Amino acid sequence: ITMRKLVALMAAAVMLVAFCAGASAATQVTIWHTFTDAQQTALEKFAADFNASQSDYEVVVESQAYSGFLDNVYNAVANGVGPNMIINYASTAADYVKDGLVVDLSKYVFDDEIGMADIYNSLPDSIKAETVGFSDGGMYALPAVTTGPIFFINKTIYDELGLTAPTTWEELAENSKKIYEAKGIAGFAADSLTDMMQALMMQSGAGYIDVENKCVLFDTDEAKAWLKWFGDNVEAGYFALNPTGDYWSNDFNAGLVASYLGSCAGVPYIKPDGFEYTVAPMVRGDKTEWYPAWDRGAIVFNKSKEENKGMYLFVKYFLSPEVNAEWAQAMNALSPYGTTQASEAYSTFAESMDPSLIAVQADLDVAGALPTVTGSYAVRNALKDAAIAVAGGVSAEDAMAECVATSNAALQE
């Protein structure tokens, strides 16, 4: 064999090896998240197990900064980069629909070969409605767990002052006033002002968004009165506004606030320093009973055809009964899926369910979903901004006017 032929054969062999390697390389898909501790560990384990189960796709889990996370995701996805998936709420997916940036998962869920119709159909009708409650009826979010807000209460202080867990917002304010006067600390705070304000708007009987006319419904005198009520309590020192960290658990643990409204998923972070604590269901409302159950799950962003399929296959794995049961435990959350609830792993979990989850279950009979339309994320932010404004001395009328104008403009884009 001549040297020229030998070189040619070697080059061909190198090219063949490179081609085969390229042909067999797994398609990489990425999940961005802000989870920590047990939740991050569980998510990374799921990705590793899924990757080991097949060779076509590689799921990469990347932790991101909590501050500004959703804005960073939107900017990245809108510019053609960023993750293939995040785990969040249906309202977050709504802003990606109009520009085709998010995947309609129904084409996979009901596929004869790779579908998961049995899992999806085990959801309650109310949650199914939320998964397709978008402007075009597409399925742009699949819940993984159900959580919700509960009261975390410093039982030692409550017992000392003869207080009981509030069943109305007025009782909460009265308790907080007594605590502030006796202990010099705020009696209450909310991890999510947005969700607290949404609850106040819905429980006032005002409603939230008029989908057909693309405007908000909470521009009412009663809703403004609740906004003023919140601001007055912050200004008086009875309610606190800004935690020292991302959530109120650290301040609660340190005894700097006597109670707060936060997700049941926050229980692993409650480590009281020298006092006992307890939990209680959130206020249902006296005029209209309503509870903001949070169904948080997969949102898949529109990339290449192969990436979209690979990301869906991970979602299917993520929502399989045994894995979903493990995620519910890591999140200290409830699974909304009948398929998971029927599993042995979830039954064991349910037998020793934490009191925080029992508190959530106590309100699920009045749980409701809010519209997931384009602009709904902006409405959430506008409500939060209104609460902060009244806490800083802006009149409830002016804060609501700004909130309504911003919200309606976003809904009508």
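Helices (H or I, at least four residues) and strands (E, at least two) are named here as DSSP runs, numbered from the N terminus. The structure is a predicted model, in which local features need pLDDT of at least 70, side-chain atom pairs count only at pLDDT 80 or more, and totals for chains, interfaces and linings use all residues. Residues are numbered from 1 along each chain as its sequence is written, and side-chain values use heavy atoms, with hydrogens and water left out.

Helix H4 spans residues 90-97 and contains serine 91. A residue is called buried under 20% relative accessible area, exposed over 50% and partly exposed in between, with a 1.4 Å probe and protein chains only. Serine 91 counts as buried because its relative accessibility is 14%. Contact means heavy atoms within 4.5 Å. Leaving aside neighbours within four places in sequence, serine 91 is in contact with Thr372, Ser376, Tyr377 and Arg380.

Serine 249 lies in helix H12, residues 249-253. With a relative accessibility of 10%, serine 249 also counts as buried. Not counting residues up to four places away in sequence, serine 249 touches Tyr260, Tyr269 and Ile270. Glycine 266 is 17 residues from serine 249 in sequence, and the two are 7.6 Å apart in space, C-alpha to C-alpha.

The expected span of a helix is 1.5 Å times one less than its number of residues. The table sets out the spans from first C-alpha to last.

| Helix | Residues | Length | Span | Expected span |
|---|---|---|---|---|
| H11 | 221-236 | 16 residues | 22 Å | 22 Å |
| H18 | 376-391 | 16 residues | 23 Å | 22 Å |

The buried residues of H18 include Ser376, Tyr377 and Arg380, and these three residues are among the contacts of serine 91. In H11, the buried residues include Trp226, Trp229 and Phe230. What covers the buried residues of H11 includes helix H9 (169-183), helix H10 (193-203), H18 and helix H19 (396-411). Just after H11, glycine 237 takes a positive phi of about 95°. H18 is followed by glycine 393, with a positive phi near 110°.

**The packing of H2 and H13**

Helix H2 (residues 37-53) packs with helix H13 (residues 305-318) at an angle of about 115°, and their axes are 11 Å apart. The axes are lines fitted to C-alpha atoms over the stretch in contact, and angles run from 0 to 180 degrees between N-to-C directions. On the H2 side the contact is made by Leu43, Phe46, Ala47, Asp49 and Phe50, and on the H13 side by Gly310, Leu313, Phe314, Tyr317 and Phe318.

Two strands pair if DSSP finds at least two bridges between them. An open sheet of 4 strands has the order E6-E9-E5-E10, with mixed pairing. Strand E6 (189-190) and strand E10 (277-281) stand at the edges with a single partner strand each, so one side of each has no neighbour in the sheet.

Strand E5 (residues 149-154) is joined to E10 by 5 bridges, and the two run antiparallel. E5 is also joined to E9 by 5 bridges, again antiparallel. Phenylalanine 151 stands opposite alanine 280 in E10, and its bridge partner in E9 is leucine 261. Between E6 and E9 there are 2 bridges, and these strands run parallel. Strand E9 (residues 259-263) is mostly covered, with 5 of its 5 residues buried.
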